Amino acid sequence: PVVKPTEAPVVKPTDPPSTEVCEDSNLKIVYSKKNRTCNSFVKKKNKFCKEEVIMSHCPNLCEACDQYGSKDTKGKFVFKGERVNCKWVRGDTVTTHKVLRRMTNLCQDDDMKNTCRQTCGYFCESE
């Protein structure tokens, strides 16, 4: 009798988890009454990265991705020429269809998604 070899089991590859790399916000943060980019903190990173407002806005620079990679920026930032914060993105009134539509439109902007990470549902992890 001829015995046919058994077929090897087929294992389907699993998709990698859908996470984004932790990035600093590209929007300028309002710090000491000035509009500043995360790059402006590089030279004195050890000094500035002790402050929560900077860590939350620049989590990659401050090596704070585990703590702030999925959180909103804590301070005000500049968006289309206006100084705003993530509370403004969420709307500080009762949730209505108009507020949800506005928030959805704002969160389509990549820079906004990477600044108001929790509000926009954009969670990232460190590399």
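The following legends describe close-up views of a predicted model.

**Figure 1. Overall architecture of the predicted model.** The protein contains 6 helices and 6 strands, which follow one another along the sequence as β-β-β-α-α-α-β-β-α-α-α-β. Of its 127 residues, 36% count as buried. The accessible surface amounts to about 9,200 Å², with 50% belonging to carbon and sulfur atoms. Among contacts between residues at least 6 apart in sequence, 54% join residues at least 24 apart.

**Figure 2. The largest nonpolar core, with 13 residues.** Tyr31, Phe41, Ile54, Cys58 and Cys62 are the members that touch the most others in this core. Strand S2 (29-31) and helix H2 (52-57) are the elements that each give two or more residues to the core. A second, separate core has 12 residues, including Phe77, Phe79, Val89 and Met112. Leaving aside residues up to four places away in sequence, Phe41 is in contact with Ile29, Tyr31, Arg36, Phe48, Ile54, Cys58 and Leu61.

**Figure 3. The aromatic cluster of Tyr31, Phe41 and Phe48.** The structure holds 3 aromatic pairs. In one of them, the ring centres of Tyr31 and Phe48 lie 5.6 Å apart with the planes at 85 degrees, so the arrangement is edge-to-face. Tyr31 belongs to strand S2 and Phe48 to helix H1 (residues 45-48), and the pair thus links parts of the chain 17 residues apart. Tyr31 is buried, at 13% relative accessibility, and Phe48 is also buried, at 8%.

**Figure 4. The salt bridge between Lys45 and Glu63.** The closest N and O atoms of the two residues are 3.1 Å apart. Because Lys45 lies in helix H1 and Glu63 in the loop between H2 and helix H3 (65-68), the pair ties together parts 18 residues apart in sequence. Lys45 is partly exposed, with a relative accessible area of 25%, whereas Glu63 is exposed at 65%.

**Figure 5. The salt bridge between Arg90 and Asp72.** The N to O distance is 3.0 Å. Arg90 is located in helix H4 (residues 86-90) and Asp72 in the loop between H3 and strand S4 (77-79), 18 residues apart. Arg90 is partly exposed at 39% relative accessible area; Asp72, at 11%, falls under the 20% limit and therefore counts as buried.

**Figure 6. The salt bridge between Asp110 and Lys113 within helix H6.** The side chains meet at 3.3 Å, N to O. The two residues are 3 positions apart in helix H6 (residues 110-113), so about one helical turn separates them. Asp110 is exposed at 54% relative accessibility, while Lys113 is partly exposed at 23%.

Conventions: Residues are numbered from 1 along each chain as its sequence is written. This is a predicted model: local features need pLDDT of at least 70, side-chain atom pairs count only at pLDDT 80 or more; totals for chains, interfaces and linings use all residues. Side-chain values use heavy atoms; hydrogens and water are left out. A nonpolar core is a set of buried Ala, Val, Leu, Ile, Met, Phe, Trp, Tyr and Cys residues joined through side-chain atoms within 4.5 Å. Buried means under 20% relative accessible area, exposed over 50%, partly exposed in between (1.4 Å probe, protein chains only). Helices (H or I, at least four residues) and strands (E, at least two) are DSSP runs, numbered from the N terminus. Contact means heavy atoms within 4.5 Å. Accessible areas come from the Shrake-Rupley method with a 1.4 Å probe; for residues, only the protein chains shown count as cover. Rings of Phe, Tyr and Trp (its six-membered ring) pair if their centres lie within 6.5 Å; planes under 30 degrees apart count as stacked, over 60 as edge-to-face and the rest as tilted. A salt bridge is a side-chain nitrogen of Lys or Arg within 4 Å of a carboxyl oxygen of Asp or Glu.
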